[in-house]
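The following exercises concern a protein model and the contact between its chains. Each task is followed by a worked solution.

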Amino acid sequence: MDPHELVMTALRAVGVYVLMLAVIRALGKRTVGNFTAFDLLVALMLGEVVDEIVYGDVGMAQGVVAIAVIAAAQYSNSWLSYWDHGMDRVLEGKPTAIVRDGALQTDGLRQERMNPKDALAELRLQGVEDLGEVRLAQVEVDGQVSVIRQDWASPVQKADVFDEAARERDRARAGGAQGTAPAGA
Amino acid sequence: MELHRIAVRAAFAYVVLLALLRASGKRTVAQGTAFDFVLALVLGDMVDDLLWAEVSAARFTVGVGVLTLAHTLVSAAAGWSERVDRLVSGTPLAAVAHGAPRAAALRAERMNRHEVARMLRQEGVADEDWRDVREMCVEVSGRASVRREPWAETPRREEAPRLRRRWGR
């Protein structure tokens, strides 16, 4: 119980706090723990390094180097994924369809090592009562399941029931070429 | 073997962390930003060194205490000052406006259209229905929020009288 050591621990904790804040803000929205399964792992890595620094098991300089390299790798990774030359498919993977037009896709399920029960549980969480409602369900690169419903199972829109809203919709659809995701998205 | 000591230290760590989190307020490490998440991981990681007696209880308490205190102060400052809040949490990113991705804004966050498409799918917007979207924001937590064009919104209860009139009831 060396008071000097306690003060040093406190100072290191403050230093580490500022360092982590800077790193995470520098990485931006596409940051640790938010996007893909690997981002989660990067967050865990950073966390493991940091506690050793607070306790002084590794020096501040050594810790800073480790954190800076992990952060730089994560930053480069995000640029490689951004430049759409197929690297995002390698680094992040691509979505796997598990339901198409109400039918479970056996190959997709096998690829994600899900059984039909897991798939149905995911769909229930998204409010799906019957497989028939689903046009497309995919396991996305962050591991979450996205569900696109059949047209008839989608919530009603104002354009479906009000004439003036329908006119606005038609005007918007006639107006621009925009409104669709890029091919292969 | 000093099993009973490990048991005592585990209980001690549990109580210290519980007390710190309760004292700092529930939103301190649970606001859902990436930084909150990493900080929670760090606090958890700091326990194991205590359990195996690699650090003293005093140093553990000082370490987790200072980290939590720093975060509480910063969160409080972010509550008072918009500038501090922007500095520590960032700002929401308007990623899609009127069905079109905002390329420059997305580039700044190194997000491409595939990511936008994924986030929209996760909100139930199919790849061919982007024109339904008036605005999609990536919030500071990294999650997407979607506002639809007025004509693509679901009718609300306040419009029920109009609907009833329309169908003659």
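**Exercise 1.** Which side chains meet in a salt bridge at 3.3 Å, N to O?

Solution. The model is predicted, so local features need pLDDT of at least 70 and side-chain atom pairs count only at pLDDT 80 or more, while totals for chains, interfaces and linings use all residues. Residues are numbered from 1 along each chain as its sequence is written, chains are lettered from A in the order in which they are written, and side-chain values use heavy atoms, with hydrogens and water left out. Apply the criterion: a side-chain nitrogen of Lys or Arg within 4 Å of a carboxyl oxygen of Asp or Glu. The side chains of A:Lys158 and B:Glu159 form such a pair. Between chain B and chain A the count is nine salt bridges.

**Exercise 2.** Determine the area that chain B and chain A bury between them.

Solution. Buried area is the accessible area (1.4 Å probe) that two parts lose on being put together, summed over both. For these chains the value is about 6,400 Å², with 59% on carbon and sulfur atoms. Next, find the leading contributors: B:Arg59, B:Arg110 and B:Trp151 supply 15% of the area that chain B buries against chain A, more than any other three residues.
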